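Thanks for asking me to look this over. Here are my notes, point by point, to read alongside the model.

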Amino acid sequence: MKRKLQGIIVPLLTALETPETFDRKGCAGLIEHVISGGVDGIFILGSTGEGPALSRSVQRELIELAVEQVAGRVPLLAGISGASGADSLELGKFAANSGVDALVAAPPCYLPPDQEEQVEYFRRLAGECGSPLFLYNMPALTRVMLTPETVIRLASVENIVGCKDSSGDLTFFGTLVRELGSRDDFTLLTGPEELLAESVRMGGDGGVNGGANLCPELFASLYRALRDSDLEQVRRLQAEVLELGKLYRSRPGAAGVIRGLKYELSRRGLLKNVLAFPALPLRG
């Protein structure tokens with residue numbers, strides 16, 4: 001991945017048969033749903049995909065199926081975040097050897113590393129896993145905030161190709177755009193979908209937006225309107241995105257968005273309303 005990744009990257013929900021077992025058919029169907037809806041990439045095993053909550057066997061099953069099902073039609077990114085740096089290295093090597101296009105990693109979350117430890121962590125992942133690496137800033141869940149200085153420093157490391165920022169802090173994101181946005185080999189993506197339009201207008205490269213699991217065409221259309229500077233269309237579609245989010249973004253708990261999205265997708269017959277143990281599904 002030597003050039004920017006631009007557009008809508010869907011953080012794919014993980015289809016589960018039971019709270020501990022993988023639903024291969026559901027996953028394959030969801031991949032076809034989002035690709036046919038026009039997304040520009042797929043990100044498995046992220047926060048929306050419940051990646052750190054899944055067993056290692058389910059993580060590996062999902063990686064192997066996704067590589068086979070996507071079949072190179074869009075870039076495939078795999079999350080390798082967790083509490084253990086050693087486990088992230090192991091999963092990263094497995095994902096790279098399986099054929100994903102890039103890895104995505106947040107700092108280890110149980111014993112939070114300081115900035116120097118973060119630099120060492122990401123350097124090792126980039127050097128040893130054998131696949132391009134995206135930094136993942138998700139302080140709400142990891143309780144670790146990447147600093148702009150650390151991201152800028154790591155951007156010079158070979159095989160580190162971008163940053164996915166889910167902090168919701170546009171000052172942080174704007175600093176990255178000013179310092180790194182002119183590079184054609186480093187991608188800047190934002191997570192919160194309500195900030196998609198503003199972040200792209202600032203110079204960001206696109207969004208990693210959970211709502212694209214539900215309505216991929218809507219998010220793909222919004223990105224095209226942003227790319228084409230169609231301001232009237234941007235306003236209309238951004239309003240639709242915000243309205244859509246009311247279906248799932250107000251759900252309770254740390255897994256609230258996942259709970260809401262899985263409930264809505266199950267109502268449409270796209271996957272089962274099952275979350276990874278111990279999270280409980282939303283009941284109508």
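Which residues have the most contacts inside the largest nonpolar core?

1. They are Ile31, Ile42, Ile44, Phe122, Leu125 and Ile160, in a core of 82 residues. A nonpolar core here is a set of buried Ala, Val, Leu, Ile, Met, Phe, Trp, Tyr and Cys residues joined through side-chain atoms within 4.5 Å. Buried means under 20% relative accessible area, exposed over 50%, and partly exposed in between (1.4 Å probe, protein chains only). Apart from this core lies another, of 13 residues, including Leu77, Ala106, Phe134 and Val161.

2. A word on the basis: this is a predicted model, where local features need pLDDT of at least 70 and side-chain atom pairs count only at pLDDT 80 or more, while totals for chains, interfaces and linings use all residues. Residues are numbered from 1 along each chain as its sequence is written, and side-chain values use heavy atoms, with hydrogens and water left out.

3. Please look at Ile44 next. Leaving aside neighbours within four places in sequence, Ile44 is in contact (heavy atoms within 4.5 Å) with Leu12, Leu62, Ile63, Ala66, Leu76, Leu77, Ala78 and Gly79.

4. Is Ser81 buried or exposed? Ser81 counts as buried because its relative accessibility is 17%. Its place is the loop between strand S5 (76-79) and helix H3 (85-98); helices (H or I, at least four residues) and strands (E, at least two) are DSSP runs, numbered from the N terminus. A polar atom of the Ser81 side chain lies 2.8 Å from the backbone nitrogen of Ala106. Beyond four places in sequence, the contacts of Ser81 include Pro52, Val104 and Tyr136.

5. Leu89 belongs to helix H3 and counts as buried, at 10% relative accessibility. Not counting residues up to four places away in sequence, Leu89 touches Arg124, Leu125, Glu128 and Cys129.

6. Most residues other than glycine have a negative phi, and most peptide bonds are trans. Glu50 is buried because its relative accessible area is 6%, whereas Arg143 is exposed, with 63%. Glu50 sits in the loop between strand S4 (41-44) and helix H2 (56-70); Arg143 is in the loop between helix H5 (139-142) and helix H6 (148-154).

7. Finally, a cis peptide bond joins Phe277 and Pro278, with omega about 10°. Pro278 is in the segment after helix H11 (256-267).

How values were computed
A polar contact is a pair of N or O atoms within 3.5 Å; within protein, one must be able to donate a hydrogen and the other to accept it, and residues adjacent in sequence count only if both atoms are side-chain atoms.
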